[in-house]
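Dear colleague,

Please find the structure below, followed by a short account of what was found in it.

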Amino acid sequence: MRWSWIGRNKGPKTSTTWSDAELIIRLKQRDEGAFLDVYDLHRSSVFRFLMHMTGSIALAEELTQEVLVVILDSMTTGTIGQFDPQRGTMEGYLLGIARNLARAERRRSNRVVSLDSVVETPEWNQLLDDACRRIQTRDISMILEKRSELTELYRAIFDLPEHYREAVVLCSLQEKSYREVAGILECSEGTVASRMNRAKAILAAKLRRTGSTGLREIVAQGQGESDAGTAIEASGD
């Protein structure tokens, strides 16, 4: 492989925080440590995005590795220079790659995204547990109710058309600004806002039909906490 040199000379990890501009210089120099820093900094964000877009823990892990392979290949071929830290962030650049891979996978497999392949996995339960801890209650019935409502919300998100789901996942679940998301989705901020408003209305309607009236706070613009329960009202405004 063109990138088989990675891993040959691993040194001790440092706590240095590198800027995107510094990372891109190091990546251009084929600095293995720079790749490992990118991995440590952004793997979780890329994985979470792909999990929400594919509905599969296994596929999200596979595609996350593909994103990192793209970076490795870019380092060895010199195309990593296509990323401009003045126009966006390294995280946004990686999420853009992840988005393209997820779309290509869906076209290739014609796979219907379903929450069923994610529910009951350790990763999914951790997501729900983290959200439920924010309730700050020991009332088992209330915790179970919140878990049920969050599950219904995520089912509704997974059912959204792809372009709406991308906006919701990036703006709400991953707390990105409209500007950042516009760069990742290669569209205008106005388009992102329009997709979010439409997605809000769809989610609100779906939850009303399922009877999840207790979950009024649905989707945040990208500010504040990232769990689905900490958000603005989806009244369709």
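Asp 37 touches Trp 18, Leu 23 and Arg 26, leaving aside residues up to four places away in sequence; contact here means heavy atoms within 4.5 Å. This is a predicted model, in which local features need pLDDT of at least 70 and side-chain atom pairs count only at pLDDT 80 or more, while totals for chains, interfaces and linings use all residues. Residues are numbered from 1 along each chain as its sequence is written, and side-chain values use heavy atoms, with hydrogens and water left out.

Asp 37 lies in helix 2, where helices are DSSP runs (H or I, at least four residues) numbered from the N terminus. With a relative accessible area of 16%, Asp 37 is buried, a term that means under 20% (1.4 Å probe, protein chains only). The side chains of Asp 37 and Trp 18 make a polar contact at 3.3 Å; such a contact is a pair of N or O atoms within 3.5 Å, and within protein one must be able to donate a hydrogen and the other to accept it, while residues adjacent in sequence count only if both atoms are side-chain atoms.

The largest nonpolar core has 54 residues, of which Leu 27, Phe 49 and Leu 50 touch the most other members. Such a core is a set of buried Ala, Val, Leu, Ile, Met, Phe, Trp, Tyr and Cys residues joined through side-chain atoms within 4.5 Å. Not counting residues up to four places away in sequence, Leu 50 touches Gly 55, Ala 60, Leu 63, Thr 64, Ala 98 and Ala 102.

Yours sincerely

Technical notes. Buried < 20%, exposed > 50% of the residue type's maximum accessible area, 1.4 Å probe, protein only. Helix = DSSP H or I, 4+ residues; strand = E, 2+ residues; numbered from the N terminus.
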